[in-house]
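Dear colleague,

I am passing on the structure below, followed by my notes on what was found in it. Please keep it open while you read.

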Amino acid sequence: MTVHSLPFIDLQAQRARIGEAIDAGLLRVAEHGQYILGPEVKLLEADLCQHSGAKHCISVANGTEALAMPLMAKGLRPGDAVLCPSFTFAATAEVVAWLGATPVFVDVDPHSFNMDPASLERGIAVAKAKGLRPVAVIAVDLFGQPADYDVIESIASAHGLWVMSDAAQSFGGAYKGRKIGTIGLVTATSFFPSKPLGCYGDGGAIFTDDDDMAVILKSLRVHGQGTDKYDNVRIGLNARLDTMQAAVLIEKLKILSDEIAQRDTAAQRYHTMLKDAVPVPRIAESCVSAWAQYTVLVPQSKRTAIIARMKDDGVPTMVYYPKPLHQQTAYRDFPLAGNGLPVSERLAQEVLSLPMHPYLDAPTQERVVASLLRALKEA
Ligand SMILES: Cc1ncc(COP(=O)(O)O)c(C=O)c1O
């Protein structure tokens, strides 16, 4: 018997809702022909400012450049240390290394999966002991839940560090009444297709309330331009968001709040069905997760078998992330906040992400849960 496989993220269900409006937007761009920094780019940036409450939004080509450009704007250089979690996607630390600076890896909290403030303190001490200058913290909002910014910001300011929020997975969420995009000196997000706000290719954006930072970011985006792109006042990049992608995002942003509410409903349903069987995600009080992922923990010795059994049932799962960065070949020589990062190392062995998107219905989730519970018992 062939089993019908569920999608992990159902982008076609979203197309059924707003596909026509997106296609019309794409056609408008094809016809007006302003493919680079066309009117949709400006409009999207204004919409993103309004949605987040940030003063400035600079759209860019992808989330990785969104993380790198603020570091460039602040003149990050060799000898500088940037504290970041190890349990994250490579881009978070990669951009620090691009500039010859040193990422210092910090452990995460076992419940939120986000930066552990006690480990951050240890990381700052380790950086200093190694003769590095700690200058910044990149906090990651893993799986959509904002990091614990009140505590992180107070540690950072006590040590004279500035904070960047890696909100690649959390745009649309909120931390204690502060919307993502308004936290730290600067916030970077990604519009990779699978993100809560995703486009039809690569895209990203940077948010800041700092006027000087905004001017430099706009310059960096187009080869360090001054009065125009043939006046080069600093070393920059080509990091523009395509007008076509802006047209897609304008339509998707209109339904983002509704989609996040729908993701939250789906997360609550998983919670009710799974809370007595496996450790489930915990969202801190007064925080809104964008629910980029719904991630549970399963016994390390059984995970491979669980994944295989669920696959046989037509239920896709993902492991984000199978190896923390400090154990990756490219990153293993960078300093750690302590003697190993035990929580990151354990989570990498136990996490399992289940299908999550705004268009999940109860029967589909019951099928996912039944498959997981059976796999847990039989694996
Ligand atoms: C936490 C995190 N940071 C950064 C990125 C990089 O974004 P992009 O793939 O758009 O370059 C991603 C997404 O893939 C991510 O999940």
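Glu 153 has a relative accessibility of 21% and therefore counts as partly exposed, the terms being buried for under 20% relative accessible area, exposed for over 50%, and partly exposed in between (1.4 Å probe, protein chains only). Please bear in mind that this is a predicted model, in which local features need pLDDT of at least 70 and side-chain atom pairs count only at pLDDT 80 or more, while totals for chains, interfaces and linings use all residues. Residues are numbered from 1 along each chain as its sequence is written, and side-chain values use heavy atoms, with hydrogens and water left out.

Glu 153 forms a salt bridge with Arg 178, with 3.0 Å between the closest N and O atoms; a salt bridge here is a side-chain nitrogen of Lys or Arg within 4 Å of a carboxyl oxygen of Asp or Glu. This pair links distant parts of the chain, since Glu 153 sits in helix α6 (residues 149-158) and Arg 178 in strand β7 (residues 178-179), 25 residues apart. Helices (H or I, at least four residues) and strands (E, at least two) are DSSP runs, numbered from the N terminus. Arg 178, at 24% relative accessibility, is likewise partly exposed, and a network of salt bridges links Asp 150, Glu 153, Lys 176 and Arg 178.

By this rule there are 12 salt bridges in the count. One of them joins Asp 80 and Arg 133 (2.8 Å, N to O), and because Asp 80 lies in strand β2 (residues 80-85) and Arg 133 in strand β4 (residues 133-140), the pair ties together parts 53 residues apart in sequence. Asp 80 is buried, with a relative accessible area of 5%, whereas Arg 133 is partly exposed at 34%.

Asp 80 is also among the residues in contact (heavy atoms within 4.5 Å) with Thr 102, a list that leaves aside neighbours within four places in sequence and includes Val 82, Leu 132 and Phe 334. Thr 102 belongs to strand β3 (residues 102-106) and, at 13% relative accessibility, is buried.

Strand β11 (residues 294-297) is covered on both faces, with Tyr 294 and Val 296 buried on one side and Thr 295 and Leu 297 on the other. Four bridges join β11 to strand β12 (residues 351-354), and the two run antiparallel; strands pair if DSSP finds at least two bridges between them. Leu 297 stands opposite Val 351 in β12.

For the chain overall, the secondary structure comes to 12 helices and 12 strands, and 53% of the 379 residues are buried.
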